[in-house]
Amino acid sequence: MQFLLLDNQISLTREGSEVFSEIKVKPLTPDGLGAGNLSVAWDPQSESLTINRVTLTRAGQVTDILKSEQFEVLRRENNLEQATLDGQLTAVLQIKGVQVGDEIDFAFSKVHRAGLLQGRIQESQGLPVISVAGQVRLRTTWPTDQRLAWRATGDMPSLHPAQHGGTTELIYQADGLEPSVPTAGAPIRYNLRRLIEYSSFQNWGEVSAVMAPLFARAEILGPQSAVRAEAEKIRAQARDPVDRALLALRLVQDQVRYVYVGLNSAYVPATADETWTRRFGDCKAKTALLIALLEALDIPAEPVLVSTPYGDTLSGRLPRLGAFDHVLVRSVIAGQTYWLDGARIGDRSAETLTGLTYGWVLPVAADGRAELLHVTQAEPRKPLLETILTIDASKGLDTIAPIQLEEIYRGDSAIQLRRNLAAASPAEAKTQLINVDKESYPWVTFTDVTWKVDDLTGAVTLSAVGHGKPDWDAVKAGSRPNLRFFEIDNASFSAPDKYERPAGQDAAAPYLVDYPYFGVHVTRMTLPPGTTTYVIKGPDVRSAFGGYVHTRETQIQGSNVTMTRTVRAQTTEITASEASAAATAGKTLNTDPVYITAVPAVTPASAAANAGAGKGVSSLTRGGAHIQQGDYAGGLADADQALAEHADPGLAFALRAYALSGLHRYAEAATAFGEAAKATPPGSLLKGLQRGQVDVLVLGNRPAEAVTLLNTLITQDMGDPELRTRRSEAFAELNDDAKSLADADAAVRLAPLSSDSHQARGRILAKMNRFQEAAENLAEAARLAPESPENHNNLGAALIKLGRLEEARREFLESRRLDPTNSRAISGLFQAEFRLGHNAATLALLGEMQTKGPQTPEMLNAGCWNRAVAGLELERAAALCDAAIQAKPAELAFKDSRAFVSYRQGRFGDAVKRYDAILGQDPKFAGSLYGRGLAKKKLGDVAGGQADIAAARAISPTISESFAGSDLS
């Protein structure tokens with residue numbers, strides 16, 4: 001279809017506007033014959049329509065169509081399927097007998113009455129971005145004495161208004177238009193094309209002030225309003241203002257269906273009472289209802305205008321009410337801003353409501369001083385997509401392996417998934433999900449899939465089970481036995497963007513980033529136990545470019561392999577220069593797969609075959625296998641054998657050091673690491689040995705020597721954040737908190753995206769009793785590495801110190817999800833549940849600690865302490881502590897727990913004796929000082945008890961928190 005004429009003329013006045021439009025088209029193929037289907041819509045509440053002309057020209061002969069055919073007026077809701085009622089009428093005409101090559105000329109006029117905007121002018125004119133063969137004209141006139149601003153997009157030619165008497169005229173004319181090609185990858189503000197805007201609003205505050213009284217009236221509740229009763233139900237259900245706001249939002253989202261109503265005015269919201277009574281409303285009505293609920297709950301709230309498609313462009317456009325197509329609620333609670341959208345469905349977590357994707361927004365305020373605000377989506381603390389693939393190949397490499405796949409969706413993808421699941425029958429949904437999983441993992445036969453929705457956070461978890469035979473490729477390695485390789489699923493990165501634009505596009509425009517994308521993919525594989533050695537082939541990755549951070553880490557512990565790959569967006573867009581640098585950096589991203597290599601056991605025959613490769617090779621190989629399998633004694637014997645065989649001293653001493661470290665013989669391990677380092681040339685292996693020596697010095701209670709070594713290493717590499725983190729930990733062991741914090745600060749500056757850096761800073765701040773700051777860093781650590789149970793444990797512990805028990809509970813639950821037998825997670829969860837008064841959960845955890853999971857000394861102590869704090873099963877608590885002490889006689893924390901059990905049993909004298917013994921070894925053990933003070937007071941020594949408690953608080957001002965919930969703090 002060819003456009004021969006596009007003419008759009010507007011006359012603007014204070015009372016409204018008159019628009020004349022004419023379009024002339026020629027169908028060039030049968031596909032273009034639809035040009036004979038004419039239609040034009042108008043709003044009879046504020047507009048009148050005149051059909052000026054319809055002609056058809058064929059072979060030079062012009063036919064006036066209106067002489068023989070008439071328009072039919074329809075009352076239909078064009079967008080009814082989108083739940084829209086706007087009351088528009090539509091004039092339609094199907095021209096009879098249209099043929100290819102005909103020219104159709106259609107002209108009409110609309111007169112629009114200003115209505116709500118009486119005295120205000122706002123209008124826009126646009127041209128198509130496709131090619132136009134014929135003449136194009138945009139013409140606008142307005143009274144010269146009317147203060148009116150106009151603005152054209154940058155791709156329009158220079159325009160100059162002309163005055164004719166009392167009228168100002170602006171004209172754009174052209175003979176044909178070339179297509180306007182958008183700039184690839186650029187934000188929408190760079191692709192707003194061929195547009196002219198007009199407005200008499202002087203600023204955005206005036207726009208805001210027009211809407212303010214409309215919402216103020218709509219939010220008022222009647223004396224007998226049912227909305228007040230709903231607010232009181234929410235007040236009784238939750239105490240925290242954020243929780244109340246979430247419940248109010250849920251009520252509006254779930255119990256008031258969305259229907260756009262523009263029958264009276266597109267700008268006037270229905271009242272809150274009316275919306276609740278009829279249980280439907282558009283975004284304006286839902287916003288008014290939500291604000292009424294929040295204000296009834298004493299929660300501050302205000303409406304905010306939004307442009308869903310063009311929010312990114314608003315700061316460069318004229319102030320116009322017509323620039324907005326949506327409204328939602330802003331509420332500031334305890335200093336945190338939340339954005340609540342009643343027109344959405346499924347928002348459950350406050351974490352997802354702290355940002356928006358719309359760019360610029362406008363608060364509604366009556367004072368006329370409101371300004372545009374730029375809002376971005378909050379960076380998610382947890383992955384928006386998380387996949388965990390578990391392969392149990394423990395029965396053999398060539399056997400059918402049980403498979404489990406867990407996929408967790410959060411944010412908008414979870415909301416959409418919930419809608420899809422609700423729209424299908426359970427059987428249909430299951431079939432669809434299994435087919436999708438099969439496409440991703442074709443070697444797996446999935447037999448079942450289930451799903452669950454976390455009503456607290458809105459996350460959706462899909463859990464699939466099945467079986468499959470892992471594909472191990474065999475490779476002959478010369479005289480060595482066959483090596484076998486397995487490519488780990490989900491380990492490869494996609495090829496990064498090349499950031500290239502065709503010639504003629506704006507090379508200086510920035511590039512959009514898929515923000516706030518955050519995906520984590522974990523593959524776990526349990527391999528057969530035995531003498532086979534498993535080695536990882538494929539490097540770890542940590543790379544940041546193009547607004548994304550890519551990480552990959554693969555660990556092997558014994559027969560268990562875990563690969564974790566993360567891609568995370570860090571910003572909404574990058575500059576052209578950053579994109580150029582990213583294109584170069586992207587070439588270095590390792591997109592290759594990661595493999596598990598199965599190396600058969602070293603036999604006398606294979607050892608003999610390898611004898612020529614170097615001295616002690618068999619002993620070193622065998623020793624490495626022993627250590628991988630947790631046989632540190634066997635590894636130590638092999639290391640000593642390798643040294644006796646005059647093997648490479650760097651490798652032999654390194655093997656000896658790791659074996660001794662595994663046996664907790666830290667002093668000897670430190671010496672072995674030192675010898676290995678002396679014999680190892682500079683490189684990554686040497687760095688690993690030096691860090692290993694630092695670790696065993698700290699573990700061996702020699703932090704001062706660790707600091708001395710680290711001083712040397714940091715001098716050699718000032719930019720290594722890991723060295724600063726390790727020295728921070730060593731200074732903490734020396735109780736030099738100032739230096740520890742300074743190193744942690746340096747680590748965060750050097751590596752702001754490192755979980756370890758934030759973890760180190762959070763730990764030292766917690767040690768200094770600065771728990772609010774600690775929680776911020778620990779939350780960042782958990783955000784950066786959400787797959788780490790310890791990150792969630794440390795954050796949970798800090799939150800408990802702050803009394804934020806529900807948040808702490810969620811962190812410990814997440815840690816348990818990642819590691820169901822984690823003793824710190826179970827102990828922390830117990831504390832949170834107990835202090836929240838969740839008695840059933842508390843008792844269930846006690847039973848679980850007794851019957852599930854490995855009974856490590858730490859787990860035994862956790863069960864002992866938690867029972868003592870709760871005052872439950874004290875005989876069992878004593879037995880658990882005794883068992884823990886028997887396993888680790890030097891552990892003072894276990895003895896402290898045992899002393900507290902005696903206190904809780906009413907054996908105050910025994911408790912004092914036990915505390916005395918602990919304090920004899922460590923006079924600054926705050927927990928024992930506090931416990932002894934409590935026991936002394938029970939024995940009548942009030943002054944002595946108060947002195948001990950004061951001394952404990954001087955060492956740890958929050959020590960009483962450790963006893964919280966026991967009624968003793």
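1. A residue is called buried here if its relative accessible area is under 20%. C881 counts as buried because its relative accessibility is 0%, and C864, at 0% relative accessibility, counts as buried for that reason too. C283 is buried as well, with a relative accessible area of 9%. Please keep in mind throughout that this is a predicted model.

2. The structure holds one disulfide, which is formed by C864 and C881, with their sulfur atoms 1.9 Å apart. Since C864 lies in helix 24 (residues 857-870) and C881 in helix 25 (residues 874-887), the pair ties together parts that are 17 residues apart in sequence. The torsion about the S-S bond of C864 and C881 is about -90°, and the disulfide is therefore left-handed.

3. Turning to the sheet, five strands form an open arrangement in the order 21-20-19-22-23, with antiparallel pairing. Strand 21 (336-340) and strand 23 (373-375) are the edge strands, each of them pairing on one side only. On average, and with direction ignored, neighbouring strands of this sheet are turned by 40° against each other.

4. At one end of that order, strand 22 (residues 359-363) is joined to strand 23 by three bridges, and the two run antiparallel. Within this pairing, V361 has L373 of strand 23 as its bridge partner.

5. Helix 1 (residues 204-218) lies across strand 19 (302-306), strand 20 (326-333) and strand 22, and runs at about 55° to strand 22.

How values were computed
Residues numbered from 1 in each chain as written. Predicted model: local features only at pLDDT ≥ 70, side-chain atom pairs only at ≥ 80, totals over all residues. Heavy atoms only, no water. Pairing = 2+ DSSP bridges. Helix = DSSP H or I, 4+ residues; strand = E, 2+ residues; numbered from the N terminus. Axes fitted to C-alpha atoms, helices over the stretch in contact; angles between N-to-C directions. Contact = heavy atoms within 4.5 Å. Disulfide = S-S within 2.5 Å. Buried < 20%, exposed > 50% of the residue type's maximum accessible area, 1.4 Å probe, protein only.
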